[in-house]
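Work through the following exercises with the sequence and the coordinates open beside the text. Each task is followed by a solution that goes step by step.

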Amino acid sequence: MPETLRTTAAAADAATSDADLLDRTAAAVRAAGSALRERFGEVVRYETREELMRALAVNDDTALDILRPRLTHLRPEAGWVEDELDGGALPPGEWWVVDPAEGNVNHLHALPEWAVTATLVRENQPVLTVVHLPLTGETYTALAGAGAHLDGRPLRVSPTADLGLSIVATSQARPDEDDDVVRRVGSSITAMLFDALVVRTAVPATLHLVHVAAGRTDAFWQFAGARADLLPGALLVTEAGGRISDAEGRPWTPRSESFLAAAPGVHAEAVATLSR
């Protein structure tokens, strides 16, 4: 077989394999989501930081007991990342980047904004991702080079070309964040309040990013983000036709100190606002 045909055939086989892997990953994530949904409904009371951390860990473990064996079976050689606060580049090879209860604090407070996510990263590039919202039953998926979908329906970012007509969103600084980052978050919200139509602030980041991918929200930004809460949305937004960068407009990587996902028509305006 000529080399060009052999290369094309190998690429097609890889795409087929990743598409099948995406379906199997989605099944595992939905199963974990069902287990967390059974635990949802009552506000979990806690009096100390230690009690809060124990309650969060119970939710994480409930989902991980399902996710870890199933995803490990799918990719036995892949590494495993489950600390949602970790950042930076990964070592070479394949890695599962998982947030077993994205928006865990919301879950404990009987708030509906939470999800289960799993992303396969290959040589520091997200290959596929699944974001499942157990309370609505929605499953967002993306496969590199094959688009982003909501329950099988293609997603497309907003056509909006005016930041002044845009809904934008951000997540707050995480607990114990550096003082400079907290101040930067505050000043960026103030700047967007002047320039955008509506500013939304809430956690978790992933749920804002699925809205950007679906064209419901026009831009999302965050400072000092972690891999687990940005990689799923980064792939979804990119595959839905959006633009990903840091807040200064430079290419984003997991090492970046800021993150911006936006519809192409408002990306430059958002960068200008965040850079003031």
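Contact, as used in these exercises, means heavy atoms within 4.5 Å. The model is a predicted one, in which local features need pLDDT of at least 70 and side-chain atom pairs count only at pLDDT 80 or more, while totals for chains, interfaces and linings use all residues. Residues are numbered from 1 along each chain as its sequence is written, and side-chain values use heavy atoms, with hydrogens and water left out.

**Exercise 1. The surroundings of Leu133**

Task: state where Leu133 is placed, decide whether Leu133 is buried or exposed, and list the residues with which Leu133 is in contact.

Solution. Begin with the secondary structure, where helices (H or I, at least four residues) and strands (E, at least two) are DSSP runs numbered from the N terminus; Leu133 belongs to strand β4, residues 125-133. Next comes accessibility, for which buried means under 20% relative accessible area, exposed over 50%, and partly exposed in between, with a 1.4 Å probe and protein chains only. Leu133 has a relative accessibility of 12% and therefore counts as buried. When neighbours within four places in sequence are left aside, the contacts of Leu133 are Trp114, Ala115, Glu138, Tyr140 and Leu207. Finally, the C-alpha atoms of Leu133 and Thr117 are separated by 9.0 Å, the two residues being 16 residues apart along the chain.

**Exercise 2. Strand β2 and Glu102**

Solution. Two strands pair if DSSP finds at least two bridges between them. Nine of the nine residues of β2 are buried, so the strand is largely enclosed by the rest of the structure. Beyond four places in sequence, Glu102 is in contact with Glu113, Trp114, Ala115, Thr117, Pro204, Ala205, Thr206 and Asp229. One of these contacts, Pro204, lies in the loop between β9 and α5, and a cis peptide bond with omega of about 5° joins Val203 and Pro204.

**Exercise 3. The sheet of five strands**

Task: give the order of the strands in the open sheet, and say which strands stand at the edges.

Solution. The order is β9-β8-β10-β12-β11, and the pairing is mixed. The edges are formed by β9 (198-201) and β11 (243-245), each of which has a single partner strand, so one side of each is left without a neighbour in the sheet. From one strand to the next, the twist averages 15°. Within the sheet, β8 (residues 167-170) and β10 (residues 219-223) run parallel and are joined by three bridges, and Thr170 stands opposite Trp221 in β10. Helix α5 (residues 205-213) lies across β8, β9, β10 and β12 (258-262) and runs at about 150° to β10; these angles run from 0 to 180 degrees between N-to-C directions, the axes being lines fitted to C-alpha atoms, for helices over the stretch in contact.

**Exercise 4. The packing of α4 and α7**

Task: classify the orientation of α4 and α7, and name the residues through which they meet.

Solution. Two packed helices are described by the angle between their axes and the distance between the axes. For α4 (residues 179-195) and α7 (residues 264-274), the angle is about 130° and the axes are 9 Å apart. Angles under 35 degrees count as roughly parallel, over 145 as roughly antiparallel, 65 to 115 as roughly perpendicular and the rest as oblique; α4 and α7 are therefore oblique to each other.
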